[in-house]
Amino acid sequence: MRTISLHTFAVGLAAVVVTGLLAGAPSDAAAPAPQSERISAAAKYGRDAFAATNNRRARYDRAVFRSNECLQRYAVRNARRMANREVMRHQHMGPIMRACGLNAVGENIADNYPNGRSVVQGWMGSPPHRRNILNPSFRLMAVAARKGDNGHWYAAQVFGRRA
């Protein structure tokens, strides 16, 4: 089963959490890859998801996202945490807003998509996740993925807007 979830937060608004399940074949449980292969594959997953997200934005006449180093640290941190614990979990948005100097942030997370393009396709098929991706006020984005020992990819996509 493939799972996706999102989390959005803006100053003055309560957090919104929506979880959706998408049917799919479970991943094959193979022996864990060496750490260097995992990092290389994770970097490709993230780059592909970033490009696929911007391709979708362009199709809908939205400005493409700019990468942001501060958001990237939080995306990596959450993807790593989810993979290590083998559970999907949103991170708190308040610390991201403060640390990155933003006035709105959002997060999409996913489990068990085999690559960056497929995870974006999954998010686009879910109205709340699609809203995050196509939200014209979000201009910054970071994506990270890590593979757990269970063979599942865990992805975190973090969005931001400056004042």
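Q: Is Asn 112 buried or exposed in this predicted model?
A: Asn 112 is found in the loop between β4 and α4 (116–124). The relative accessible area of this residue is 4%, and the cut-off for burial is under 20%. Asn 112 is therefore classed as buried.

Q: What is the phi of Asn 112, a residue that is not a glycine?
A: Asn 112 lies in the loop between β4 and α4. Although the residue is not a glycine, its phi is positive, at about 75°.

Q: How does Glu 86 count in terms of relative accessibility: buried, partly exposed or exposed?
A: Glu 86 has its place in the loop between α2 and α3, and its phi, near 55°, is a positive value in a residue other than glycine. Burial requires under 20% relative accessible area and exposure over 50%. Glu 86 has 36% relative accessibility, so the residue counts as partly exposed.

Q: How many of the 8 residues of strand β4 (residues 104–111) are buried?
A: Ala 104, Gly 106, Asn 108 and Ala 110 point one way from β4, and all are buried. Val 105, Glu 107, Ile 109 and Asp 111 point the other way, and these too are buried. Strand β4 is therefore largely enclosed by the rest of the structure, the number of its buried residues being 8 of the 8.

Q: Which residue in β6 stands opposite Glu 107?
A: Strand β4 pairs with strand β6 (residues 153–161) in the antiparallel sense, over 8 bridges. Glu 107 belongs to the set of β4 residues that also holds Val 105, Ile 109 and Asp 111. Its opposite residue in β6 is Val 158.

Q: Which cysteines form a disulfide?
A: A disulfide requires sulfur atoms within 2.5 Å, and by this rule the count comes to 1. The sulfur atoms of the pair are 2.0 Å apart, and the cysteines are Cys 70 and Cys 100.

Q: What is the handedness of the disulfide of Cys 70 and Cys 100?
A: The pair links distant parts of the chain, 30 residues apart, with Cys 70 in helix α2 (residues 69–85) and Cys 100 in helix α3 (residues 93–100). Both cysteines are buried. The torsion about their S-S bond is about -85°, so the disulfide is left-handed.

Q: Which pattern of helices and strands does the protein follow along the sequence?
A: The protein has 5 helices and 6 strands. Of its 163 residues, 48% count as buried. Read along the sequence, the pattern is β-β-α-β-α-α-β-α-α-β-β.

Key: Residues are numbered from 1 along each chain as its sequence is written. This is a predicted model: local features need pLDDT of at least 70, side-chain atom pairs count only at pLDDT 80 or more; totals for chains, interfaces and linings use all residues. Side-chain values use heavy atoms; hydrogens and water are left out. Buried means under 20% relative accessible area, exposed over 50%, partly exposed in between (1.4 Å probe, protein chains only). Helices (H or I, at least four residues) and strands (E, at least two) are DSSP runs, numbered from the N terminus. Two strands pair if DSSP finds at least two bridges between them.
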